[in-house]
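Please examine the sequence and the structure before reading on.

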Amino acid sequence: MKKLLLTLMAMTTLTTVWAQVTPMVLGEKHAMVRAAQDKKYVLLPVQENEEIAAIAVLDGRNEMVQRINVKLAIDRVDYYVPYELKGSRLLDIEFRGDRRQKGAVGEFVCWKEIKFSDVFDTANREHFRPLYHHTPVYGWMNDPNGMFYKDGVWHLYYQWNPYGSQWENMHWGHSTTKDLVHWEAQPMTFEPDWLGSIFSGSCITNGNEVVAFYTSAGHHQTQSMAISKDNGRTFKKYEGNPVITSDKPDFRDPNVFWYEPTKRWVMILAVGQEMQLYSSADLKQWKYESSFGQEYGNHGGVWECPDLFPLTQTTKQPNDQTAKKWVLLCNINPGGPFGGSATQYFVGQFDGHKFTCESMPKVTKWLDYGKDHYATVSFYNAPDNRHTVLAWMSNWQYANQVPTKQFRSANSIPRDLGLFTCGEETYVSVVPSKEMLAVRGAKAKKPTEACEILVDVKGQAEIVLSNAKGEQVIMKYDAAKQTFCMDRTKSGDVSFSEAFPCVTTAPTYGQIKQLRLFIDRCSIEAFDADGKMAMTNLVFPSEPYNTIKLKQYG
C-alpha cells in the first residue's frame, strides 16, 4: 500500500525556549503570568486528569483579548498546546475545583513547564495516528463542519479545541484536499466571540463568495453567518449576527442549501428532538416553514447535525427510469443501536416547505452499524452530482478517553450515498468514494497497518484479523440470517472505557458477495461492496494486525 500521510503545516521542531516563568500568586486559585514579548507562542503544559483553569489573555491596555480553558499541569505534563500571543502581555489564570489536596498554587508544575517559543513541535508521536484518514495536527476534533467543493478543492472545517485533546474551547479548524486522501492543514477559521463558542454548521457557495452558517453557543444557542471572498481561506463575520434566534435550549447545527423550484435558500436546524426548516431569499432574513420528527425514528437522545438532500434511484420500470427521493440525515446522541452516538436517516419527499417521511413513524434506519460513526454530513456542491459524506469516527461514550494524547479523533473515509430497495422500504446505500481506490496498492497476502482488503464471500463466513500478541477482531457473515457482525472485545486496548468492548451487528438486506475492509492503525471500516451495509469501529491493538484468516461454510 502507498504511504498516505497527513501534511503537517507551518510548525517545526521546538527550539529556543524562554526561561522558567515566575507566577504572580494572588490567592489559592488565582495567579498571573507575564508574556514574553519577543516570542510567538506561549506553550501551555496540559495534565488531562486535572480541572479546567480559565485563562484570560490581556493586551497592553489590560483589555481581555480572549478567554480559553486549559487543564494546566499540576503534578505532571501530558503534552503541550500553543497559544499565539499576537502582542498579548498578561495571562490571568483562575484554577477551578478543590485545590486543597494539590498543595500551594505557587508549587504547581505548570510554572516550571510553561515556555515561550517561536515554534511549536507537531512531529507525530502517536502510533495510532491514521495514515489515510483526516486528523487534526494536534488537539481535539469532533463534528465535521461546513464541507464544500470548489475549484477542484474539497474543504473540511471541523469542531476543534486547539488548547487540549479533550472537548472544550470550540473553534472551527480547517483542512483541504484535492483527492480526499492527502489532507493539508490550514489556519484556524473561527474563534469564539461574545455570542459564544463556535458550534457546528455548513457552508454554501454563492457566486464568488463562500458563506458559512454556524451556531453561536453562549448562554443560549443562536445562528450566525460569515462570508469569505477568498474561497473559504478567511471569513468575515456578518455584522447582523445572529440571523436566527430561539427560546429552545438545544437549537443548533444549521445546514443550508438552494432549492431551485421556490428560488429560495433552505436551512434545516436541530432543535431538541426534531428538525426545523427555514427559508430565505437573501440568506439574512429567515422564515420558519415547518418541523419534522415528532414520533418518527429513534428518540433516545438529542437530535443533532442534520442534512437534507435529494438522491436518485434507478427503478425497474421500462426505459430505465429514475426516481428522486429526499434523505434527511439525523445524528443522535445517545440512542445509537449499540449505545452512544450514531447516524439515523429518513427517506421521503421535500416540497421546499415540508419534509414528509415515506416510512411508518416507528421505523428506524441507521447509516452505519458500528459504534464509531457520528455527525455525518455531506459536501456542498460535490462534483458529478455525487453526495459525498464524512463522519466523526468516534463515540461520545469514550471519545475523551481513547488512548491518544497529541490529538483525539479522526474522520471516517469519504463515502458516496445512493438508494436501494429491500421489500417495501427504500434504504440509503453507502460505498467508499472512488478516491479510496488510491489506498488499495498492490495485492498482498497479509494485512498491514493501513490497507484495504477485499474478501469474496459465499454463504457463511468468518474473518479473523490478529497479531502476535493474541489481539484479534472477529467478523462473521451469516447468509441465512442476512447479518454481519464485528467483535472487538479482544482487539487490543479496551480498558479505557466499559462501553468500548462490544459486538456490533448489522442487517445486510440481502446477500453479500464481496466485503471491502479498510484498516488504518486505529480503525476498521467494513462495507458490502454493493453498498447495502457499512460498519465502522475503532480498535487500538498494541501492534498492527498482520494475519488474516478466512473460513467459509458453504
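Which residues have the most contacts inside the largest nonpolar core? They are Trp-286 and Phe-355, and the core has 97 residues. A nonpolar core is a set of buried Ala, Val, Leu, Ile, Met, Phe, Trp, Tyr and Cys residues joined through side-chain atoms within 4.5 Å. Buried means under 20% relative accessible area, exposed over 50%, and partly exposed in between, with a 1.4 Å probe and protein chains only. Strand 18 (residues 264-271) gives the most to this core, namely 7 residues. A second, separate core of 29 residues includes Val-33, Val-46, Ile-55 and Phe-108.

The model is predicted: local features need pLDDT of at least 70, side-chain atom pairs count only at pLDDT 80 or more, and totals for chains, interfaces and linings use all residues. Residues are numbered from 1 along each chain as its sequence is written, and side-chain values use heavy atoms, with hydrogens and water left out. The predictor's confidence in each residue, pLDDT, runs from 0 to 100. The protein averages a pLDDT of 94, and 94% of the residues score at least 70. Over residues 1-16, however, pLDDT stays under 50.

Strands are DSSP runs (E, at least two residues), numbered from the N terminus. An open sheet is formed by 4 strands in the order 17-18-19-20, with antiparallel pairing; two strands pair if DSSP finds at least two bridges between them. Strand 17 (251-259) and strand 20 (287-292) are the edge strands, each pairing on one side only. Strands 17 and 18 are joined by 7 bridges, and Val-256 stands opposite Met-267 in strand 18.

Asn-169 is found in the loop between strand 10 (153-161) and strand 11 (171-177). Asn-169 counts as buried because its relative accessibility is 7%. Leaving out residues up to four places away in sequence, Asn-169 touches Ile-68, Asn-69, Trp-160, Asn-161, Pro-162 and Tyr-163; contact means heavy atoms within 4.5 Å.

| Part of Asn-169 | Partner | Distance |
|---|---|---|
| Asn-169 side chain | Asn-161 side chain | 3.1 Å |

Note on methods:
A polar contact is a pair of N or O atoms within 3.5 Å; within protein, one must be able to donate a hydrogen and the other to accept it, and residues adjacent in sequence count only if both atoms are side-chain atoms.
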